Amino acid sequence: MCGIIAYKGKGNAASIALDGLKRLEYRGYDSWGIAISSDSRIGIYKHVGRVGNAEIPAAMAGKPARLAIAHTRWATHGGISEKNAHPHLDCSGKIALAHNGIVENYQELKKRLQSQNHKFASESDTEVIVHLVENYMNLGVKKAVQKAVSELKGRSAIVVLTSNGEIVAARKGSPLIVGYGDDEYFIASDIPAFLQHTSRVMYLDDNEMVSLEQEPRFYSMATGKEIRKRIVQIDWKVEAAEKGSYRHFLIKEIMEQKDTLWRAANQDEQKLVKVAEQINSAYGTFLVGCGTAGKVCMTGEYFFAKIAKKHVNYCVASEFPNYISFLTPKTLMIPVSQSGETADVLEAINAAKKRKVRIISLLNVFGSTMMRVSDDFFMVNAGIEKAVVSTKATTAQLSVLLLLAYASAGNLNEGKRLLLDTASAVNDMLNPRYEEHIRKLAEKLYEKEHIYIIGRSLNYPIALEASIKIQETSYIHAEGFAGGELKHGPIALISHDTPCIVLAANDESKDEIISNAMEVKARGAYIIGIAPDNNEVFDYWIKVPDAGNASPIVNIIPVQILAYHLAVLKGLDPDMPRNLAKSVTVK
Ligand code: M6R
C-alpha cells in the first residue's frame, strides 16, 4: 500500500524517481507526487490519478536535481486529492516527507501540533509526521526523524528530504529497501523500483533508519547508534518485472504458470519432511492469510484433511485474535503471503510470537518482513508478481501446501509426482487456443451483473477464490458457494440465464456437484463447467486436466483467464483494479 522511492546520485533525480514510481504503481494508484531538493529549496509536484506515462513535470525538467523523493498513494486518511497526495511539507517548506502506513494516533498528534501553531494543508494522517520532524529539526535531521517516529503509533515507513540536501528514511513496520548503485543510492518500498539500476540491496529492519550521506549509513532508532549491515546481491531479472510482449502483467503472470508450478515443486525435501513432522506433532497448526492467500489457507485445510487425515485450522488473519487463547508454545503457525508484508498477517504473527508459537511462512518475496520475523520459511518461487490480482503466487502456494500435506501423510514422493504431472498438464493446457476458448466465454458474460461459482470438497475454497478473481478484475458481482449450500438459500438468486460456474473435479464429490449444477440449471442458470470431462448439464465446457488432489491448482487457472478477459472486454485495467493495491500494509 503506497510506494515510496528516494534517490541520491549523479543522475537526474526527478526523472529516476518518476521512473521508479511507474514501477511501484501496483502498490497504490490514487495520486502521486515528487519532491526534489536543489539550490537550498524544495520543489514539489503532485497529481491526482495514476502515474501512468507521466512525463517529468516541466518545473523539474530544467536544471536536474540530484536528490528526490516520490510517492504513489493508496488513500487511507483523507480523500483522493492533490492536497492529500504526498510528499507533504512542513510549515517552512524546507522539509518534505513521503509515508507508507497509518499514523494511528494522528488525531491526538495533530491537535497538539496545531496548538503549537503548525499549519496543516491536508487531511492526511501523514502530515503530522513532517510537522513533528520540523519540531525537532534543531537537533539535526537524523535525530529529528528518530524522535518523530518514536511518537507514532501504527506501522509506517517514511522518507524525508530537506532543502539542505539530506535524505533520511525510517522503518517502523512497513518495508524499505536500500539499493546500492554506482555512486548512486535508492530507498524504496520494493525492489522493482530500482532494479534496472542495481541488484545490490540492503534491507532495513524494523526500528532502523538510513541516512544517504557519502554512502548510506544505518542507525538504530532505539539507541541512535550507527549499525553495520550486509549488502545482499539479489538474483531478480529486470525482465521479470516488465510486461515484455504481453499487454498486461496479469496475463503474463497467468501464462507464467507454465513454469512456476515446476519451481514451486522444487522444494528442499528434507525441509518439507521436517516441517510435516512438526505439523504432525504440533498442538494445533494454524494456516493464516488474507484475501486470496486466505483461500489458499482454506484449501490447505482441505488438503491436510483429505490427504493426511489431519486437522489443521485455517484462519483469516484479521480474525486471528479470536483464536489467541488456544495458542501454546507447541502450536505452529503457517502464514501464507505473496508479499510477506500484509499488515493483518504480521499482526497475527506478532500475537502468536508473544505466545512462543513457532512460525513457518510460505512466501514469494525474498527479504520481506514476514521472512525476517519467521522461524523458518518456504519460498514458493513464483517470481515477481506485479498484477494486483494474484495468480501465479496462488497456484505456487497451493503447490507447496499440497506437498506438505503429502509429506504429513508420509507420501511426499507421491505428492511430488502428482505436482510434476500437474505442472506438465498445465504447460500443455496454457496455449492460445485454450485462452481463445475462454475469451469467447468472457464475451458471453462481460455484461452480466452476477456470476456464481460452486464447488465441493477441495474445490469449495477454490469457488471462493474464483469469486475474488472475477470481482477484482471485472467489478461483476461474483459469489462462490459450497455446492451443497445453494438449496439452503442462495438458489433464490438464480433466474433465467444467470451464469453459474461449476468446478467439477473427478473426485468423490463429482456426482453431487453435478446434481447441484442440475438444480440450478432447472431454475434457468447458464452452466459453465470446469471439469476434465464434458457433461450434458454444461452449457459451456472448459476442459481441465484430471489432476486428482491437485484439482484446485488446475481449476483456478481458467477462472484467472476468464477474469482477465472480462476486464479487457469491459475496458478496465486488469493490472490495477479500482480501490485496490498489491501489498496491503495497513490493518
Ligand atoms: O501479499 P499477500 O498474499 O499477503 O496478499 C493478501 C491479499 O491482499 C491478496 O491475496 C489479495 O486478496 C489479492 N488482490 C487477490 O488477488
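Analyst: Helices here are DSSP runs of H or I with at least four residues, strands are runs of E with at least two, and both are numbered from the N terminus. Axes are lines fitted to C-alpha atoms, for helices over the stretch in contact, and angles run from 0 to 180 degrees between N-to-C directions. The axes of helix H9 (residues 291-308) and helix H15 (residues 460-474) come within 8 Å and cross at roughly 170 degrees. Because angles over 145 degrees count as roughly antiparallel, H9 is roughly antiparallel to H15. This is a predicted model, in which local features need pLDDT of at least 70, side-chain atom pairs count only at pLDDT 80 or more, and totals for chains, interfaces and linings use all residues. Residues are numbered from 1 along each chain as its sequence is written, and side-chain values use heavy atoms, with hydrogens and water left out.

User: Which residues of H9 and H15 meet?

Analyst: Contact means heavy atoms within 4.5 Å. On the H9 side, the residues include Lys295, Met298 and Tyr302; on the H15 side, they include Ile462, Leu464 and Ile468.

User: How is an open sheet described, and what is the strand order here?

Analyst: Two strands pair if DSSP finds at least two bridges between them. The open sheet has 5 strands in the order S17-S16-S18-S19-S20, with parallel pairing. Its edge strands, S17 (313-316) and S20 (376-379), each pair on one side only. From one strand to the next, the twist averages 20 degrees. Strand S19 (residues 358-363) pairs with S20 over 4 bridges in the parallel sense, and Leu362 stands opposite Phe378 in S20.

User: Which strands does H12 lie across?

Analyst: H12 lies across S16, S18, S19 and S20, and runs at about 135 degrees to S19.

User: How should I read a nonpolar core, and which residues touch the most other members of the largest one?

Analyst: A nonpolar core is a set of buried Ala, Val, Leu, Ile, Met, Phe, Trp, Tyr and Cys residues joined through side-chain atoms within 4.5 Å; buried means under 20% relative accessible area (1.4 Å probe, protein chains only). The largest core has 83 residues, of which Leu362, Leu404, Ile470, Ile501 and Leu562 touch the most other members. Helix H12 (residues 392-408) gives the most to this core, with 11 residues. Leaving aside neighbours within four places in sequence, Ile501 is in contact with residues including Ile470, Ile528 and Leu562.

Conventions
Buried means under 20% relative accessible area, exposed over 50%, partly exposed in between (1.4 Å probe, protein chains only). Angles under 35 degrees count as roughly parallel, over 145 as roughly antiparallel, 65 to 115 as roughly perpendicular and the rest as oblique.
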